[in-house]
Amino acid sequence: MVNMLELIMWSLVVVGLTEGVVTSPFLNPLRVFVYSKKSLRILGYLMGCRSCSSFWVALAVSYYYMSPTSNLFWDALLGSGAVVLLHSVVRANHAPPYPSP
């Protein structure tokens, strides 16, 4: 059984790595290169999709570092959900106000 602090740390590692893969300007040339190659285009889509990338990042973190649920598939779903939830909360707090009618 994993305690809550380990689960939060695991989730933050997954969120950080996913944000790095999806939005980092440092990796932008790699994303453009991968997307431009027809044989690697699916990987380019995965690198541009936050929820897709977070599934695979969580799977890798669980395999190589720590598994909060002892099941890689559930870990990947948990990581993807954590990334999407945190991104939604942050985006909702920084959304521009609705235009007045």
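1. The model is a predicted one, in which local features need pLDDT of at least 70, side-chain atom pairs count only at pLDDT 80 or more, and totals for chains, interfaces and linings use all residues. Residues are numbered from 1 along each chain as its sequence is written, and side-chain values use heavy atoms, with hydrogens and water left out.

2. The secondary structure comes to five helices and zero strands, where helices (H or I, at least four residues) and strands (E, at least two) are DSSP runs numbered from the N terminus. Buried residues, meaning those under 20% relative accessible area with a 1.4 Å probe and protein chains only, make up 26% of the 101 residues. Among contacts (heavy atoms within 4.5 Å) with a separation of 6 or more, 57% are between residues 24 or more positions apart.

3. Helix H1 covers residues 4–23, and its 20 residues should span 28 Å at 1.5 Å a residue, which agrees with its end C-alpha atoms being 28 Å apart; the expected span is 1.5 Å times one less than the number of residues. At the N-terminal end, H1 is capped by Asn3, which has a side-chain oxygen 3.3 Å from the backbone nitrogen of Leu5.

4. Which residues of H1 are buried? They are Trp10, Ser11, Val14, Val15, Thr18 and Val22. Seen down the axis of H1, these buried residues fall within an arc of 135 degrees, so they line one face of the helix; the arc is taken from the directions from the helix axis to the C-beta atoms. On the other side of H1, Leu5 and Leu12 are exposed, a word that stands for over 50% relative accessible area.

5. Thr18, which is found in helix H1, counts as buried because its relative accessibility is 0%. A polar atom of the Thr18 side chain lies 2.8 Å from the backbone oxygen of Val14. Leaving aside neighbours within four places in sequence, Thr18 is in contact with Arg50, Ser53, Ser54, Val57 and Val83.

6. Helix H2 (residues 28–36) packs with helix H3 (residues 41–48) at an angle of about 145 degrees, and their axes are 6 Å apart; axes are lines fitted to C-alpha atoms over the stretch in contact, and angles run from 0 to 180 degrees between N-to-C directions. The contact is made on the H2 side by Leu30, Arg31, Val34, Tyr35 and Ser36, and on the H3 side by Arg41, Leu43, Gly44, Tyr45 and Met47.

Methods
Polar contact = N/O pair within 3.5 Å; in protein donor to acceptor, adjacent residues only side chain to side chain.
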